[in-house]
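Let's take a friendly walk through this structure together. Keep the sequence and the 3D view side by side as you read.

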Amino acid sequence: MELKEILDIFLKNDNFTILTHKSPDGDTLGSGFALCYFLRDLGKHANVINSDQLPSRYAFIYEGYRQQEFEEKYVIAVDIADPNLIGSNLLQYQQAGAVDLCIDHHISNRNFAKQTYVDGEACAAAMIIYEILKLSGEKLSDQIAKCLYTGISTDTGCFKYENTTPKAHIFAAELMAYDIDYANINREMFDVKSRGRMEVEQTVISQMKYYFEGRCSMIVLTKKLMSECGVDQSEFDGLASIPLSVEGVDIGITVKERHTDYYKISVRTTDKLNASEFCQQFGGGGHIRAAGCEIKGTLEEVQNKLLDAVERLFG
Ligand SMILES: [Mn+2]
């Protein structure tokens, strides 16, 4: 598909439902709401929906937004690679043929929609949405610019991750020309944390373990700790980067308890090691520097499996 075809779809259709992924992040919400505001500015009907409650930290994206009443005619998924990510409260959209168009930047996209546009080079879905909106020649509102900037900034870790392209900086610079408070957006997205999250960080950092002369570090997040600190899943973004932030560490591992004897593992590496290959041994995968997998067993068994694999890696 060409971007022009997508713009034509926007212009020809009406009564849009825009799906964003469960455990919403700045990119799916920024992309979804930017598109929704754009379609509404064109005089069309459009709603954004999500399986989960929208976290209040993204309130500046949806402030003033109201659901519209209309009979849905066209369904668009943004930043959704897999129908499961639509979420358990929106099962009807996981049925085959329920989604008309998917706009995404994950090369792992499962092609579940009737039509799919994937640009694996785009560091955020918001990059693609912005390109399409620019093609329209319409003047974009400050609110749309705010949403798109947030999507690009969050998915690039505030322009720090390896996925940050020159184009990401160019688009961000263009969006900064609108009346948006980018300093405050980045503060809210990257610096501000709840007290509970601070307590979680404090505990995992004080209990962080180092292995192999400090080249590997590991933190453990138990369900007990999460409930004691009163934090939910939406507040765990970025925790996995803590172990790798220690000087001398080449592989940082975060072990998070999902259920009893079932752990979700996040792995971050420097350019010396391949996180994706590491996780593939356990049936997972991801990007070269950031990947994940799931391992069953007691905490001790899981940690031992991981450390054995790290030992093989270091030879
Ligand atoms: Mn994204």
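Gln-280 has 14 C-beta neighbours inside 10 Å, so it counts as partly exposed; a residue needs 20 or more to be buried, and 12 or fewer to be exposed. Keep in mind that you are looking at a predicted model. Gln-280 is part of helix α10, which covers residues 275–280. If you look for Gly-292, you will see that twelve residues separate Gln-280 from Gly-292 along the sequence, while their C-alpha atoms are 8.5 Å apart in space.

Now let's turn to how helices pack. Two packed helices are described by the angle between their axes and by the distance between those axes. Start with helix α2 (residues 26–41) and helix α5 (residues 142–155): their axes are 8 Å apart, and the packing angle is about 160°. Angles over 145 degrees count as roughly antiparallel, and therefore α2 and α5 are roughly antiparallel to each other. The crossing of α2 past α5 is left-handed. On the α2 side, the residues making the contact include Gly-26, Gly-30, Ala-34 and Phe-38, and on the α5 side they include Ile-144, Cys-147, Leu-148 and Gly-151. Sorted by class, this contact of α2 with α5 has seven nonpolar, seven polar and two charged residues.

Helix α5 has another partner to look at. Its axis and that of helix α7 (residues 182–191) come within 11 Å and cross at roughly 45°. That angle makes α5 oblique to α7. Here α5 passes α7 in a right-handed crossing. From α5, the contact is made by Lys-146, Tyr-149, Thr-150, Ser-153 and Thr-154, and from α7 by Tyr-182, Ile-185, Asn-186 and Met-189. By class, the contact of α5 with α7 has four nonpolar, four polar and one charged residues.

What about the inside? In soluble globular proteins, nonpolar side chains tend to be buried together. In this model, the largest nonpolar core has 55 residues, and Ala-34, Ile-76, Met-127, Ile-129 and Leu-148 are the ones that touch the most other members.

Conventions. Residues numbered from 1 in each chain as written. Predicted model: local features only at pLDDT ≥ 70, side-chain atom pairs only at ≥ 80, totals over all residues. Axes fitted to C-alpha atoms, helices over the stretch in contact; angles between N-to-C directions. Helix = DSSP H or I, 4+ residues; strand = E, 2+ residues; numbered from the N terminus. Parallel < 35°, antiparallel > 145°, perpendicular 65-115°, else oblique. Left-handed = near helix turned anticlockwise from the far one by under 90°. Contact = placed C-beta atoms within 7 Å. Nonpolar A, V, L, I, M, F, W, Y, C, P; charged D, E, K, R; others polar. Core = buried A, V, L, I, M, F, W, Y, C linked by C-beta atoms within 7 Å.
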